[in-house]
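Dear colleague,

Please find below the structure that I am handing over to you.

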Amino acid sequence: MTYLVVVAHPDDEVLGAGATMYKLAQKGHSVNVCILSGEVNARNHRPSTDELHEDVNSSMNILGVDKIIKGDFPNIEFNTVPHLKLVQFIEKAIIDTESDVVFTHHPADLNNDHLHTSLACQAAVRLFQRRPDVKPLRELLFMEVPSATEWALNKAENQFSPNTFVEVGEKSVDKKIEALAQYRGVMRDYPHPRSHEALKGLAAYRGGQAGMVYAEAFESVFRRGL
Ligand SMILES: [Zn+2]
């Protein structure tokens, strides 16, 4: 199986699905990442662009990611980008990776780039129904990204409501945290959601919801097949 994680910013992929990505790669699946804003610009706590590329590469190495597809859409300004441009970029990533399953942001996330990524991805995954030459998608899942998903305030949007739990075990959670720590300036002290304690606690809580030893939770919104 081939998986594609489509995110707005570097580190979102680890926060949302890092332990699952590690587990899938260990099982021999192809795991790929599409980061729409692959450059530093608006993030003031960020290192230089070269350092960020290094951080992305070493993080994705730990998780066993095959392909990293980076866009240069402007950070925290996705609302200024034509919707079609985002859709076409994601469509190309889906075609290039021949993905079966796509993970992306929940549209209610507090971060506005996450909303635009989610909307564009929802349009892009329908590509196979417009183009018979494109491999049909099996599933689209929304992720929860700590410090964006649970910070959502907009009550006009449905909030993240997990219905799919992936048991990852303690080792995969530790790998997720190790991969996240490759990104300079991302990890914070507890009680921040991007702390070692909060990330491990979330995995323990999601596992407990489904009778599993540590889990990541997702919301499956489209599924074809059995
Ligand atoms: Zn983000």
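Which side chain meets that of Glu144 in a salt bridge? The partner is Arg206, and the N to O distance is 2.7 Å. Please bear in mind that this is a predicted model. Glu144 sits in the loop between β5 (139-143) and β6 (164-167), while Arg206 belongs to helix α7 (residues 196-209), so this pair ties together parts that are 62 residues apart in sequence. Both Glu144 and Arg206 are buried.

Salt bridges with shared partners also join Glu51, Glu54, Asp55 and Arg184 into one network.

A further pair consists of Glu91 and Arg130, whose closest N and O atoms are 3.1 Å apart. Arg130, at 49%, counts as partly exposed.

Helix α3 also holds both members of another pair, Lys92 and Asp96, which are 4 residues apart, about one turn of the helix. Their side chains form a salt bridge with an N to O distance of 2.9 Å. Lys92 counts as exposed, with a relative accessibility of 51%, whereas Asp96 is partly exposed, with a relative accessible area of 40%.

In total, the count comes to 13 salt bridges, including the pairs Glu144 and Arg206, Glu91 and Arg130, and Lys92 and Asp96.

Yours sincerely

Conventions:
Residues numbered from 1 in each chain as written. Predicted model: local features only at pLDDT ≥ 70, side-chain atom pairs only at ≥ 80, totals over all residues. Heavy atoms only, no water. Salt bridge = Lys/Arg side-chain N within 4 Å of Asp/Glu carboxyl O. Buried < 20%, exposed > 50% of the residue type's maximum accessible area, 1.4 Å probe, protein only. Helix = DSSP H or I, 4+ residues; strand = E, 2+ residues; numbered from the N terminus.
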